[in-house]
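Subject: Structure handover

Hello,

The structure we spoke about is below, with the sequence. My notes on what was found in it follow.

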Amino acid sequence: MKITLTQFVTLDGVCQGPGSPEEDTSDGFTRGGWLVPHIDSTFVRRTSDWLDHADGLLLGRRTYEAFARDWPEITDPADPFTERMNTLPKYVVSNTLTEGAWHPTTVLPGDPVHTVAGLTAQPGRELQIHGSARLGDALLAAGLIDRLRLAVAPTVLRTGRRLPAGPGAPSGLRLVHHESTPKGLLLLEYEAAGASLQGAYEGVTGFV
């Protein structure tokens, strides 16, 4: 099974609290809700298409608890995400939880990198990380992310938790799809491409 990471980020890489000012106020963050003014039908359609590839959700504890609180409360039958988010198998990486109330849930204790590496041997299409920036960042640094999907909002916050942010080896990525939405979001899809490349600029003649 492939591991994919879906993140909503600003132009300066902030991924904290995209959905509302109250979503994530940790470390005094007050600028949440920055994605909402840019949501449109193109964004909804594409992110729904991304979710179509999921055979399970992989989440950190904080995101899991927030999702487990909020998603079961969405009852709109026209919502394109609710049924899948509520019924897909959930895997939560945590050393503090012993069980999850958002069924079906499997708690994965221990070192996140070793735990998730074991899941890649299971059959299936994609195990998708949504939110869970700390978990996603650790797995990206460890080379365990096969595909990265970003919705980039046209805003600069200059504060808040960023992705990527932690230590680790540089990651090379290959752009496989890109589009823009009417409200200015960039929807970008990358495949892992091994180590990050380097080069020395020697003029334009080698490129034309």
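**Helix α5 and its surroundings**

The buried residues of α5 pack against β1 (2–10), β2 (54–60), β3 (90–93), α4 (112–119), β5 (126–130) and β7 (171–180). Contact here means heavy atoms within 4.5 Å. Helices (H or I, at least four residues) and strands (E, at least two) are DSSP runs, numbered from the N terminus. Helix α5 itself covers residues 133–141, and its buried residues are A133, L135, G136, D137, L139 and L140. Buried means under 20% relative accessible area, exposed over 50%, and partly exposed in between, with a 1.4 Å probe and protein chains only. Just after α5, G143 has a positive phi of about 80 degrees.

**What kind of model this is**

This is a predicted model, in which local features need pLDDT of at least 70 and side-chain atom pairs count only at pLDDT 80 or more, while totals for chains, interfaces and linings use all residues. Residues are numbered from 1 along each chain as its sequence is written, and side-chain values use heavy atoms, with hydrogens and water left out. pLDDT is the predictor's confidence in each residue, from 0 to 100. For the protein chain the mean pLDDT is 94, and 100% of the residues reach 70 or more. Confidence is lowest in α4, with a mean of 90, and highest in strand β6 (residues 147–153), at 98.

**The sheet**

There is an open sheet of 8 strands with mixed pairing, in the order β4-β3-β2-β5-β1-β6-β8-β7. β4 (105–108) and β7 are at the edges with a single partner strand each, so one side of each has no neighbour in the sheet. The twist from one strand to the next averages 25 degrees; axes are lines fitted to C-alpha atoms, for helices over the stretch in contact, and angles run from 0 to 180 degrees between N-to-C directions. Two strands pair if DSSP finds at least two bridges between them.

The pairings can be taken strand by strand.

- β1: 7 of its 9 residues are buried. β1 pairs with β5 in the parallel sense over 5 bridges, and T6 stands opposite H130 in β5. β1 is also parallel to β6, joined by 7 bridges, with Q7 opposite L150 in β6.
- β2: 6 of its 7 residues are buried, so β2 is largely enclosed by the rest of the structure. β2 and β5 run parallel and are joined by 4 bridges; L58 has I129 in β5 as its bridge partner. β2 and β3 also run parallel, with 4 bridges, and the bridge partner of G60 is V93 in β3.
- β7: this strand pairs with β8 (residues 186–195) in the antiparallel sense over 8 bridges. R174 stands opposite E191 in β8.

Helix α2 (residues 61–70) lies across β2, β3, β4 and β5 and runs at about 115 degrees to β2.

**Aromatic rings**

How many aromatic pairs does a search of the whole structure find? The search finds 3. Rings of Phe, Tyr and Trp (its six-membered ring) pair if their centres lie within 6.5 Å; planes under 30 degrees apart count as stacked, over 60 as edge-to-face and the rest as tilted. F67 and W102 form an edge-to-face pair, 6.4 Å centre to centre with 90 degrees between the planes. F67 is in helix α2 and W102 in the loop between β3 and β4, 35 residues apart, and the pair links distant parts of the chain. Both F67 and W102 are buried. Ring pairs link Y64, F67 and W102 into a cluster.

**Backbone points to check on screen**

- H103 and P104 are joined by a cis peptide bond, with omega about -5 degrees; P104 lies in the loop between β3 and β4.
- L163 to P164 is also a cis peptide bond, with omega near -10 degrees; P164 is in the loop between β6 and β7.
- S132, in the loop between β5 and α5, has a positive phi near 45 degrees and is not a glycine. S132 is buried, with a relative accessible area of 7%.
- R158, in the loop between β6 and β7, has a positive phi of about 65 degrees, although R158 is not a glycine. R158 is exposed, with a relative accessible area of 71%.

Regards
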